[in-house]
Amino acid sequence: MSDIEDRFAEAVAAIGGVLKRHGFRKKRYVWTRVGDGVAHTVDVQRSHGNTATGVRFYVNASAYVAELDRAIGRSVPDDLTRATAQYSTRFEAISDWPSDRVDVERDADALGTALPAAIEQVVAHLDAITDAPSLARTLLDNGYVLDDDLFAWFCATGRTDDARAQFVAARDRFGAEDRWPRLAARFEEAALKFGTPLP
């Protein structure tokens, strides 16, 4: 194994060490933790631009909450690790990691310290997603104003004010675009299905 691959393995081990302490299980470069109707996932994605002398990778975090799917009438798989995550983000958006990727050569000094600290922040972020309301807050906080499932959940659970607020936020952000009539139609379809009046 080359020195650069040794450093990559060191980085993966540092990530895995943190995640293992928090109850995640590893399969290749994917760590998953399943709780009561909730699945949290962290994965390492190697860059397509890697070479024999340079390895970079991204760290992604995601969450799935069965309660949200049930509320909107979607089936929930028996194995939550096979469910499609309703929320996903890159780790630099929810941690103090300073760039959008880890470069094992450039960041060599940070692999044993700053990288594990950033992963601890990722875990804390995922720890806060425990049910549908906390997932909804996370989606909104991260700009998911066009999320159909989130809007449907607001409608299905009688959260009319939240549904209307999401619609208004989406209209304010995208209303001037040519695609807005198509986007608005998706909101209107879900609102009609659940009997939610839109502004």
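Two strands pair if DSSP finds at least two bridges between them. The legends below describe close-up views of a predicted model.

**View 1. Pairing of strand 1 with strand 2.** Strand 1 covers residues 25–27 and strand 2 covers residues 30–34. The two run antiparallel and are joined by 3 bridges. Arg25 has Thr32 of strand 2 as its bridge partner. Together, strand 1 and strand 2 form a hairpin with 2 residues between them.

**View 2. Arg28 in the turn of the hairpin formed by strand 1 and strand 2.** Arg28 lies in the loop between strand 1 and strand 2. Its phi is positive, about 60°, although Arg28 is not a glycine. Is the residue buried or exposed? Arg28 has a relative accessible area of 62%; exposed means over 50%, so Arg28 is exposed.

**View 3. Pairing of strand 2 with strand 3.** Val30 has its bridge partner, Asp43, in strand 3. This hairpin has 3 residues between its strands. In its turn, Gly37 has a positive phi of about 75°.

View 4. Helix 5 spans residues 148–156. Its buried residues are Leu150, Phe151, Ala152, Trp153, Phe154 and Cys155.

**View 5. Packing of helix 6 against helix 7.** Two packed helices are described by the angle between their axes and the distance between the axes. For helix 6 and helix 7, the axes come within 11 Å and cross at roughly 175°. Angles over 145 degrees count as roughly antiparallel, so helix 6 is roughly antiparallel to helix 7. On helix 6, the contact is made by Gln166, Phe167, Ala170, Arg171 and Phe174. Helix 7 contributes Trp180, Leu183 and Phe187. By class, the residues of this contact divide into 6 nonpolar, 1 polar and 1 charged.

How values were computed
Residues are numbered from 1 along each chain as its sequence is written. This is a predicted model: local features need pLDDT of at least 70, side-chain atom pairs count only at pLDDT 80 or more; totals for chains, interfaces and linings use all residues. Side-chain values use heavy atoms; hydrogens and water are left out. Buried means under 20% relative accessible area, exposed over 50%, partly exposed in between (1.4 Å probe, protein chains only). Helices (H or I, at least four residues) and strands (E, at least two) are DSSP runs, numbered from the N terminus. Axes are lines fitted to C-alpha atoms, for helices over the stretch in contact, and angles run from 0 to 180 degrees between N-to-C directions. Angles under 35 degrees count as roughly parallel, over 145 as roughly antiparallel, 65 to 115 as roughly perpendicular and the rest as oblique. Contact means heavy atoms within 4.5 Å. Ala, Val, Leu, Ile, Met, Phe, Trp, Tyr, Cys and Pro count as nonpolar, Asp, Glu, Lys and Arg as charged, and the others, Gly among them, as polar.
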